[in-house]
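Here is a short briefing on a model to read alongside its sequence. Take the points one topic at a time.

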Amino acid sequence: MTAPDAAPVIEVVGLRKRYGRVEALVDLTMAVQPGEIFGFLGPNGAGKTTTVKLLLGHARPSGGTGRILGAPLGDREVRRRIGYLPELFRYQPWLRARELLALHADLMRLPRVGRKRIYGDLLDLVGLADRADHAVGGFSKGMQQRLGLAVALLGNPALVILDEPTSALDPLGRRDVREILRTARDRGAAVFLNSHLLSEVEQICDRIAIVDHGRVIAEGTLDSVLGERDTKVRVEGLAPPGLAQLSTFGVPRFDGHDLIIRAVPDERIPDLVAALVTMGVRVHEVSSGRESLEHRFLELVGRPAAGGPPKSSADQPGASA
Amino acid sequence: MITIARLTIGEAARRRILWVFVLLAVLAVGITAWGVDRLVAAYRSSGSAEVGLQFGISQLLIFIAFQFSFVLAMTAAFLGAPAIAADLESGVALALLARPIRRSSYLLGRYLGLSVVLIAYGGGASALAIIVVARISGYTPPSVILPVAYIVAEGVIVLALSLLLSTRLPTIAAGAISVVAFGLAWMAGAIERVGIAFAAQDPSVNLEIVGNVGRALLPTDGLWHGVIFGLEPDVVIQAAKTQPLAEANPFFAGSPPSPLFLAWAVAWVVIVLGLAILSLRRREL
């Protein structure tokens, strides 16, 4: 990620969009920084696709302001530096994969020198090197989505907007896409990822925004949105008066079986276990984790998950003592 | 614009649309040639005067051109109708218009590309038909280029209309409306002509307004009279000067379209394409 004081790649303030009587966006405010993968989440009808359309100039806002790569929303020339993979990825079926890239290179007015190599590299990157001269119409959905990703990455754009980029991919394809997006970020591009796949967002996004009913209801790093980690220790023989001795690790909570302390640094967990053992407490299991993005998401959009809060994939493996 | 025009022509060639047109044109000209050959043989064996043959063949050519102008108008309508609508409906336009391309360039590129396809097909097929008939029958119309140009211009005008409708309507609706509009424009011209015959009986009958309105709204019928005029032998035009009711025949033209009308036809295309650009610009994807 780049320094937070760098000019945002996307900055929208109070963005509104009305379709007749329906307000798709009410008051959308958010900023995407250069060199970050930004996850844009929300339930169906929250205004995600509308936001993407406004960012690309496919639709005009009813109110509010916005800038994309320093240009006002709807600016045509700035699109030269933007790559886009639509959710409804459809390309001319009669074109060959290489020809589709050439078409978009023409539309972007990319220099002609070195184009063949660029097409080859991109098709190789998305795993379609051996299909370069095959017609797009014969591609599976997953292959078309991979090709769409190659189209979006053409010309090393400063901003890549991806609308559900792995919806048609198998787990292997999804892993490939994650790697490709990390590589794009590492070369300095910002990635705006509109996705329903929360586990995926959790794995690759530096920051996220959750949108609901046309406004952003949470924005920030995963840590700030999900909250700090809890360290949970399953114990036997811990008497409530002994809790006071653990206050150096944080504020302890104890329900008779599990001792929970928020925000214990990873390097202090062995000290916590040692302190418990010294107190004569038997330690059965130690785990550290936080709410999963899915649980937090459902909580934020007012649809609580059934059962207890599931832990995120960032959970550390449990340890027994 | 050129990129989109190339893409459009490439699509017509790759999807075999162009080759189907070529095949149909060759087939139609082949059947016409066979029919004309049989007619000419039958006429000459009867020992009738050659001038009658010339008149007959010119009328046959006009009838063939009439049929073909409808075929070409339908072709134009169904090439133009999906040109924008199908891209919008399928989502192809989402990726295309996210590029630094003006919507006007996209639309004009589509128009240019389809016009090339239409001109190649319409021009090629009609010129081939006239030349083949001339070789078989010995009757060469006063001009080959003018009727071909007028017939192709009719197609290019219908194409502009269908492209305008394509920015707002689904493919089928845009195509159907364009074809119906072409038919109505022809009927307006025919009603005006029939009105001339009635006016000879009752001077208070004046249906000129119907034709004028029709030609103003869609200038195809005026161009159709240019096709007729180009295919008629001089002898017919001269003879008609003494027949005031000749103009009442929808398949006769005593004069070519006026320069003013041709200027209107060009302006009409510019206006309709301008409206199409405006409509597409205002449309949200």
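In this predicted model, α1(B) passes α5(B) in a right-handed crossing. A crossing is right-handed if the near helix is turned clockwise from the far one by less than a right angle, and left-handed if anticlockwise.

**The helix pair in chain B**
- Helix α1 of chain B spans residues 2–14, and helix α5 of chain B spans residues 103–137. Helices are DSSP runs (H or I, at least four residues), numbered from the N terminus.
- Their axes come within 7 Å and cross at roughly 40 degrees. Axes are lines fitted to C-alpha atoms over the stretch in contact, and angles run from 0 to 180 degrees between N-to-C directions.
- The two helices are therefore oblique to each other.
- Residues in contact have C-beta atoms, placed from the backbone, within 7 Å. Those from α1(B) include I2(B) and L7(B), and those from α5(B) include Y106(B) and L114(B).

**Where the chains touch**
- Chain A gives 22 residues to the contact, and chain B gives 18 residues.
- On the side of chain A, α1 (48–56) and α2 (97–107) each give two or more residues.
- The largest share on that side, four residues, comes from α2(A).

**Confidence and conventions**
- The model scores ipTM 0.84 and pTM 0.84.
- Residues are numbered from 1 along each chain as its sequence is written, and chains are lettered from A and ligands numbered from 1 in the order in which they are written.
- Local features need pLDDT of at least 70, side-chain atom pairs count only at pLDDT 80 or more, and totals for chains, interfaces and linings use all residues.

Definitions and conventions
Two residues are in contact if their C-beta atoms, placed from the backbone, lie within 7 Å. Angles under 35 degrees count as roughly parallel, over 145 as roughly antiparallel, 65 to 115 as roughly perpendicular and the rest as oblique.
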